[in-house]
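Subject: Structure for your review

Dear colleague,

Please find the structure below, followed by a short account of what was found in it.

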Amino acid sequence: MFSPQIIENLDNYQCCYNHNKPIRSVCIEPHYPSNKRFYCEECFKAITIEVLQAKQNKQLKMS
Ligand SMILES: [Zn+2]
């Protein structure tokens, strides 16, 4: 039986890059491993850079 988990205190959780910063966001994608679900503001910066680099790589390959 499915029992939803209620996260009462996000400060107890570490973000996926171990930045030791307050958690800002939780990914609810069911296939994500639990240690990759938490994101702090530093994670957002890192992810944004990753996405931009991936887009640039794609454009380079296509051209
Ligand atoms: Zn982080």
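N18 is found in the segment before strand 1 (25-26), where strands are DSSP runs of E of at least two residues and helices are DSSP runs of H or I of at least four, both numbered from the N terminus. Please note that this is a predicted model: local features need pLDDT of at least 70, side-chain atom pairs count only at pLDDT 80 or more, and totals for chains, interfaces and linings use all residues. Residues are numbered from 1 along each chain as its sequence is written.

The phi of N18 is near 55°, a positive value in a residue other than glycine. N18 counts as exposed because it has 11 C-beta neighbours inside 10 Å; the cut-offs are 12 or fewer other C-beta atoms within 10 Å for exposed, 20 or more for buried, and partly exposed in between, with C-beta atoms placed from the backbone.

N20 also lies in the segment before strand 1. Although N20 is not a glycine, its phi is positive, at about 60°. With 9 other C-beta atoms within 10 Å, N20 is exposed.

Helix 1 covers residues 41-62 and includes C43. One of the 22 residues is buried, so helix 1 lies largely in the open.

C43 is buried, because 20 other C-beta atoms lie within 10 Å. Beyond its neighbours within four places in sequence, C43 is in contact (C-beta atoms, placed from the backbone, within 7 Å) with C15, C16, Y17 and H19. C43 and R24 are 19 residues apart in sequence, and their C-alpha atoms are 9.2 Å apart in space.

Yours sincerely

Technical notes: Contact = placed C-beta atoms within 7 Å.
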